[in-house]
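This briefing walks through one protein chain, topic by topic. Look over the sequence and the structure before reading the points below.

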Amino acid sequence: MIVTTTPGVEGHNIVEYKGIVFGEVIAGVNMIKDMVAGLSNIFGGRSATYEDELIQARQQAVNEMQQRAAQLGANAVVGVDIDYEVLGADNGMLMVTASGTAVVIQ
């Protein structure tokens, strides 16, 4: 399945619009990972722990969006947008949402 942020796919015609599709993931970072990431905050540098969580959540959201598009009979998703939010009383949860328009292309 082709997934793109553009409104169309170069070299292909959109022949049918199937609707808007979403993929949502809410991920928590456990206490151990939070402590390890806190060390990066103290000493500086990048937090591979949080980066890995973010990458994994983003991929899961895109995969879920693709699955929903396929269920509608689409073979592409165009106009994809990915949003990030932090949730929870202590901002310990990460929400990643992928959305786009499911289409059939030729």
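Helices here are DSSP runs of H or I, at least four residues long, and they are numbered from the N terminus. The model is predicted. With that definition, helix H2 covers residues 48-71, and it is followed by Gly-73, whose phi is positive, near 90°.

**Helix H2**

- The 24 residues of H2 should span 34 Å at 1.5 Å a residue, and this agrees with its end C-alpha atoms, which are 34 Å apart.
- Which residues of H2 are buried? They are Thr-49, Glu-53, Ala-57, Ala-61, Val-62, Met-65 and Ala-69.
- An α-helix has 3.6 residues a turn, so residues three or four places apart point the same way.

**Nonpolar cores**

- In soluble globular proteins, nonpolar side chains tend to be buried together.
- The largest nonpolar core has 14 residues, and Val-21, Met-65, Ala-69 and Val-77 touch the most other members.
- Two or more residues of this core come from each of strand S2 (14-28), helix H2 (48-71), strand S3 (76-87) and S4.
- H2 gives the largest share of this core, 5 residues.
- Another core, of 5 residues, lies apart from it, and Val-9, Ala-76, Val-78 and Ile-105 are among its members.
- Leaving out residues up to four places away in sequence, Ala-69 touches Met-1, Val-21, Ala-74, Val-77 and Ala-102.

**Ser-99 in strand S4**

- Ser-99 is placed in strand S4, which covers residues 93-105.
- Is Ser-99 buried or exposed? Ser-99 has a relative accessible area of 16%, so it is buried, the cut-off for buried being under 20%.
- Beyond residues up to four places away in sequence, the contacts of Ser-99 are Val-21, Phe-22, Met-65, Gly-79, Val-80 and Asp-81.

**A nonpolar patch on the surface**

- Ile-26, Leu-87 and Met-93 make up a nonpolar patch on the surface, and together they have about 230 Å² of accessible area.
- Ile-26 belongs to strand S2, while Met-93 belongs to strand S4.
- Met-93 counts as partly exposed, at 33% relative accessibility.
- Ile-26 touches both other patch members, Leu-87 and Met-93, as well as Leu-94 and Met-95, not counting residues up to four places away in sequence.
- The C-alpha atoms of Ile-26 and Val-96 are separated by 6.5 Å, although these residues are 70 residues apart along the chain.

**Salt bridges**

- How many salt bridges does the structure hold? The structure holds 3 salt bridges.
- One of them joins Lys-18 and Glu-16, with the closest N and O atoms 2.9 Å apart.
- Lys-18 is partly exposed at 29% relative accessibility, and Glu-16 is partly exposed with a relative accessible area of 36%.
- Glu-24 and Arg-68 also meet through their side chains in a salt bridge, at 3.0 Å from N to O.
- This pair links distant parts of the chain, with Glu-24 in strand S2 and Arg-68 in helix H2, 44 residues apart.
- Glu-24 has a relative accessible area of 35% and is partly exposed; Arg-68, at 33%, also counts as partly exposed.
- Arg-68 forms a further salt bridge with Glu-64, at 3.1 Å from N to O.
- Both Arg-68 and Glu-64 lie in helix H2, 4 residues apart, which is about one turn of the helix.
- Glu-64 is partly exposed, with a relative accessible area of 22%.

Note on methods
Residues are numbered from 1 along each chain as its sequence is written. This is a predicted model: local features need pLDDT of at least 70, side-chain atom pairs count only at pLDDT 80 or more; totals for chains, interfaces and linings use all residues. Side-chain values use heavy atoms; hydrogens and water are left out. Buried means under 20% relative accessible area, exposed over 50%, partly exposed in between (1.4 Å probe, protein chains only). Contact means heavy atoms within 4.5 Å. Patches are made of residues with over 30% relative accessible area and no salt bridge: like charges are joined within 9 Å, nonpolar side chains (Val, Leu, Ile, Met, Phe, Trp, Tyr) within 5 Å. Accessible areas come from the Shrake-Rupley method with a 1.4 Å probe; for residues, only the protein chains shown count as cover. A nonpolar core is a set of buried Ala, Val, Leu, Ile, Met, Phe, Trp, Tyr and Cys residues joined through side-chain atoms within 4.5 Å. The expected span of a helix is 1.5 Å times one less than its number of residues.
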